[in-house]
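Have a look at the fold below, then read on.

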Amino acid sequence: MSPTDLACRPAVIELRQYTLRPGRRDELIELFDREFVETQEETGMVVLAQFRDLDDPDRFVWLRGFEDMAARHRALTAFYGGPVWAEHGPQANATMVDSDDVLLMRPLSAGSGFAVRPSQRPGTGAPAPDRFVSATVWSFPPGRPEGIALIQDGLLPVLHTTGPAPLAVLTTETAHNTFTRLPVRTGENVAAVFTSYPDEDACRRHRAEVRAHPRGREILSGIDREQTAAPRTLRLAPTGRSLIS
């Protein structure tokens with residue numbers, strides 16, 4: 001992938017959730033947007049999105065994508081062994097309490113991944129877009145496909161019928177993490193649905209319509225029976241340079 005591509009559709013995606021030291025999120029975002037966007041993409045990855053977590057002022061959520069696992073290894077090796085991270089990485093790390101909450105994912109099906117155009121990314125200092133992004137993550141027992149199938153074959157058609165189509169629907173990438181310098185969560189079997197709305201009220205209305213839909217109620221009950229824990233929904237505000245908003 002190249003930042004000049006008309007559209008990037010990465011086949012491997014990292015969902016990264018960082019817990020930061022109190023009051024330092026804006027510092028990290030400013031540093032990230034200035035120093036770590038184009039410089040990561042020059043190594044062969046794409047920075048998909050950067051978000052403020054609306055439920056935690058000290059949480060930063062972002063995604064990046066890769067063409068495949070081999071490209072991921074090459075790109076991460078180049079970036080974290082390169083001069084930009086050597087210069088600015090210590091300042092970034094100083095804002096963080098934990099950076100190991102990482103899900104390695106892939107599109108659930110053909111065409112369900114993110115499609116972005118890095119050439120259209122706003123410049124440094126751009127204002128944050130007035131959008132609300134919801135990311136719901138369901139967890140199922142490892143090795144069991146039933147919950148994932150319920151989302152793919154049951155929930156997604158209802159979501160399309162009742163509201164905006166998801167930006168992307170992802171599931172666990174089961175390939176071994178070959179870049180062990182950056183850990184990822186193991187033993188996972190998840191599905192994640194990312195959807196953009198004009199505001200949070202629109203998101204609430206969509207969820208209510210899904211619950212009120214006869215098929216929606218049935219599917220959600222089936223998912224509840226399969227999951228290992230209640231789904232986690234991230235309430236996200238895109239930053240000014242996020243490609244996803």
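## Salt bridges and the barrel around them

Glu-14 forms a salt bridge with Arg-64, with the closest N and O atoms 2.6 Å apart. (A salt bridge here is a side-chain nitrogen of Lys or Arg within 4 Å of a carboxyl oxygen of Asp or Glu.) Glu-14 sits in strand β1 (residues 12-20) and Arg-64 in strand β3 (residues 59-66), so this pair ties together parts that are 50 residues apart in sequence. Helices (H or I, at least four residues) and strands (E, at least two) are DSSP runs, numbered from the N terminus.

Before going further, some ground rules: this is a predicted model, so local features need pLDDT of at least 70 and side-chain atom pairs count only at pLDDT 80 or more, while totals for chains, interfaces and linings use all residues. Residues are numbered from 1 along each chain as its sequence is written, and side-chain values use heavy atoms, with hydrogens and water left out.

Are Glu-14 and Arg-64 buried or exposed? Both are buried, where buried means under 20% relative accessible area, exposed over 50%, and partly exposed in between (1.4 Å probe, protein chains only). Glu-14 comes in at 0% relative accessibility, so it counts as buried. Glu-14 also has a salt bridge with Arg-16, at 2.8 Å between the closest N and O atoms, and Arg-16 is buried too, at 2%.

Another pair is Glu-38 with Arg-241, whose side chains meet in a salt bridge at 2.6 Å, N to O. This one links distant parts of the chain: Glu-38 is in helix α2 (residues 38-41) and Arg-241 in the segment after β8 (232-238), 203 residues apart. Glu-38 is partly exposed at 35% relative accessibility, whereas Arg-241 is buried at 4%. Elsewhere, salt bridges that share partners join Asp-55, Glu-200, Asp-201, Arg-204 and Arg-235 into one network.

| Salt bridge | N to O distance |
|---|---|
| Glu-14 and Arg-64 | 2.6 Å |
| Glu-14 and Arg-16 | 2.8 Å |
| Glu-38 and Arg-241 | 2.6 Å |

Now for the barrel. Strands of a sheet pair through backbone hydrogen bonds, either parallel or antiparallel. Here, eight strands make a closed barrel in the order β1-β3-β2-β8-β5-β7-β6-β4, with antiparallel pairing; two strands pair if DSSP finds at least two bridges between them. Neighbouring strands of this sheet are turned by 35° against each other on average, direction ignored. For angles, axes are lines fitted to C-alpha atoms (for helices, over the stretch in contact), and values run from 0 to 180 degrees between N-to-C directions.

Seven of its eight residues are buried, so β2 is largely enclosed by the rest of the structure. β2 pairs with β3 in the antiparallel sense over six bridges, and the two form a hairpin with five residues between them. β2 is also joined to β8 by three bridges, again antiparallel. Which residue stands opposite Arg-52 in β3? That is Phe-60, while in β8 the bridge partner of Arg-52 is Ala-237. Phe-51 has Pro-238 as its bridge partner in β8.

Helix α1 (residues 25-35) lies across β1, β2, β3 and β4 (96-107), running at about 165° to β2. Helix α6 (residues 200-212) touches β5 (132-139), β7 and β8, and its direction makes about 40° with that of β5.

Thr-171 lies in strand β6 and is buried, with a relative accessible area of 5%. Its contacts (heavy atoms within 4.5 Å), not counting residues up to four places away in sequence, include Leu-104, Ile-148 and Val-190.

Asn-177 is in the loop between β6 (168-172) and β7 (190-197), and is buried at 10%. Its side chain makes a polar contact with the side chain of Arg-72 at 2.8 Å. (A polar contact is a pair of N or O atoms within 3.5 Å; within protein, one must be able to donate a hydrogen and the other to accept it, and residues adjacent in sequence count only if both atoms are side-chain atoms.) The backbone oxygen of Leu-182 lies 2.9 Å from a polar atom of the Asn-177 side chain.

Last, confidence. The chain's mean pLDDT (the predictor's confidence in each residue, from 0 to 100) is 96, and 98% of its residues reach 70 or more. Over residues 1-5 the pLDDT is below 50. Where pLDDT is low, the predicted coordinates should not be read in detail.
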